[in-house]
Amino acid sequence: MASSGVKGDSYRCYLHGEGEKNTKWRYGAPPNYGAVNKLFEEGRTKIWPPGSLEEQVQNLVKTWEMEMFHKTRDEDFKASDPKKYTFSLNGRKAVSLEEKRKLGGGYNSLLQTSLPDEFRCYNPAEETVDSAHRAFTTAFPRGFALEILHVYSGPPLIVYKFRHWGYMDGPFKGHAPTGEKVELFGMANFELDEHGKIVKVEFFFDRGELLGGLLKGASFDSSSKEAALACPFLRNTG
């Protein structure tokens, strides 16, 4: 599993170093996690002992998240095996990595819904990976931090409870920023193969818990304000 202490980032592997010199990054360079690491360290509720199972799982999940959001070529994935990898959300049919990309990847694959279009305050079918990333990095300029709250079983089948949180300091989909903390809690299963690579991911959470917190602000025409506040390089994430 991913371990801590990697040069350049304390929580993510395969981000810097000789092994990443030929990596193709979505936005042209490795993402900068300085802001979200600060948010994480200031707001986490658990500090896991170095080398503990919980710390290892936390670093693995952060590494998985980084690679899925920011690496564009299968050959650059090191935490997962892209040929075996499957993903499912809330018990839906599992999809391959390529099928996940067709869903829009990133936030779009994590916010799939069966709601009719007219009831979708955030519609992943209408978003690209870039527009989705821009929407959330604009809403959470300090990042969207992740911590592991509990690990119920270790590898090869990891079952854990997580918490994601951030402060809505920017607008989201036509809603003014509130400055309030927005939190999301959920469960996930990660299955590793005999080489320690992630081959199966299952997430279980209520997307309304996240989106509800982002829709509290007053409504306005978002077209100009979101464009002005969006990060031009889109390098920061959760």
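1. Let's start with one pair of residues in this predicted model: T86 has K200 in β6 as its bridge partner. Strand β1 (residues 86–89) and strand β6 (residues 198–205) run parallel, and 4 bridges join them. As a reminder, strands of a sheet pair through backbone hydrogen bonds, either parallel or antiparallel.

2. Now zoom out to the sheet. It is open and made of 6 strands, in the order β2-β1-β6-β5-β4-β3, with mixed pairing. Look for β2 (95–96) and β3 at the edges, where each pairs on one side only.

3. Next come the helices that meet these strands. Helix α1 lies across β3 and β4, and its direction is at about 100° to β4. Helix α2 packs on the sheet and touches β3, β4, β5 (181–192) and β6. The angle between the directions of α2 and β3 is about 130°.

4. Which residues of α1 (residues 34–43) are buried? They are V36, N37, L39 and F40. These residues sit on the same side of α1, because they cover an arc of only 160° around the axis. Their cover includes α2 (53–70), β3 (145–153) and β4 (157–167).

5. Finally, have a look at L215, in the loop between α6 (207–214) and α7 (222–229). Is L215 buried or partly exposed? Its relative accessibility is 26%, so L215 counts as partly exposed. Apart from neighbours within four places in sequence, L215 is in contact with C121, F172 and H175. The C-alpha atoms of L215 and Y122 are separated by 10.0 Å, while the two residues are 93 residues apart along the chain.

Notes: Residues are numbered from 1 along each chain as its sequence is written. This is a predicted model: local features need pLDDT of at least 70, side-chain atom pairs count only at pLDDT 80 or more; totals for chains, interfaces and linings use all residues. Side-chain values use heavy atoms; hydrogens and water are left out. Buried means under 20% relative accessible area, exposed over 50%, partly exposed in between (1.4 Å probe, protein chains only). Helices (H or I, at least four residues) and strands (E, at least two) are DSSP runs, numbered from the N terminus. The arc is that of the directions from the helix axis to the C-beta atoms. Contact means heavy atoms within 4.5 Å. Two strands pair if DSSP finds at least two bridges between them. Axes are lines fitted to C-alpha atoms, for helices over the stretch in contact, and angles run from 0 to 180 degrees between N-to-C directions.
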